[in-house]
Amino acid sequence: MDFFTADICDEHPNKTNVLGPGYQHFGGINKCQGVVTTIKLDKNNADLVALLRDEDGSGKIVVVDVAQDYFAVVGENLMKFAQKNNFAGIIINGYVRDTEQIQDIPVALIALGTCSRKSIPVTKSERGVSVSFGDVTFNEGDYVYTDNDGVIVTSEKIV
């Protein structure tokens with residue numbers, strides 16, 4: 001991948017939005033790009049499991065909003081599903097676990113931090129809705145670029 005988020009921001013200042021501070025890389029890669037697929041969870045990740053396990057993720061980045069609830073929504077199993085189905089990355093407004101096991105899985109994973117527990121009761125989710133966090137709104141079909149300098153969102157592929 002021949003891009004750097006800083007260069008994209010410099011070259012397209014009116015087309016880029018930058019995810020705010022506090023998000024960290026946990027996956028096996030830090031640099032990726034792809035089309036946004038959104039999902040809004042209410043703690044439980046059952047619908048995210050189905051998405052990563054059952055759908056083709058080629059060229060896609062899943063953006064997950066769990067309103068920063070202190071439960072892990074992605075761990076080793078979901079990262080393996082994401083890798084198997086060719087997802088480029090996952091960005092979470094929440095937490096992850098199994099960080100030792102996922103650091104070598106070649107999928108980008110960006111989240112607020114870690115939490116050992118997960119939410120057990122199955123709850124509803126929403127797919128394809130706009131989600132806002134970190135001073136950015138992610139819309140289904142937007143484009144994301146990530147590297148060690150940050151995460152940027154554009155309304156279209158520009159690189």
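Three strands form an open sheet in the order E5-E7-E9, with parallel pairing; two strands count as paired if DSSP finds at least two bridges between them. Strands (E, at least two residues) and helices (H or I, at least four) are DSSP runs, numbered from the N terminus. Strand E5 (72–74) and strand E9 (113–114) are the edge strands, each with a single partner, so one side of each has no neighbour in the sheet. E5 is joined to strand E7 (residues 95–96) by two bridges, and these strands run parallel. Val74, for instance, has Val96 in E7 as its bridge partner.

Before going on, please keep in mind that this is a predicted model: local features need pLDDT of at least 70, side-chain atom pairs count only at pLDDT 80 or more, and totals for chains, interfaces and linings use all residues. Residues are numbered from 1 along each chain as its sequence is written, and side-chain values use heavy atoms, leaving out hydrogens and water.

Now turn to strand E6 (89–93). Five of the five residues of E6 are buried, so this strand is largely enclosed by the rest of the structure; buried means under 20% relative accessible area, with a 1.4 Å probe and protein chains only. In a regular strand the side chains alternate between the two faces of the sheet. Here, Gly89, Ile91 and Asn93 point one way from E6, while Ile90 and Ile92 point the other way. E6 has parallel neighbours: five bridges join E4 to E6, and three join E6 to E8. Val62 has Ile90 as its bridge partner in E6, and Gly89 stands opposite Ala108 in E8.

Next come two helices. The axes of helix H2 (residues 46–54) and helix H3 (residues 76–84) come within 7 Å and cross at roughly 35°; axes are lines fitted to C-alpha atoms over the stretch in contact, and angles run from 0 to 180 degrees between N-to-C directions. Leu48, Val49, Leu52 and Arg53 of H2 meet Leu78, Phe81 and Ala82 of H3, where contact means heavy atoms within 4.5 Å.

Which residues touch the most other members of the largest nonpolar core? Among its 24 residues, they are Leu48, Leu52, Val64, Val74, Ile90, Ile92 and Leu109. Such a core is a set of buried Ala, Val, Leu, Ile, Met, Phe, Trp, Tyr and Cys residues joined through side-chain atoms within 4.5 Å. H2 gives the most to this core, with four residues.

Methods. Buried means under 20% relative accessible area, exposed over 50%, partly exposed in between (1.4 Å probe, protein chains only).
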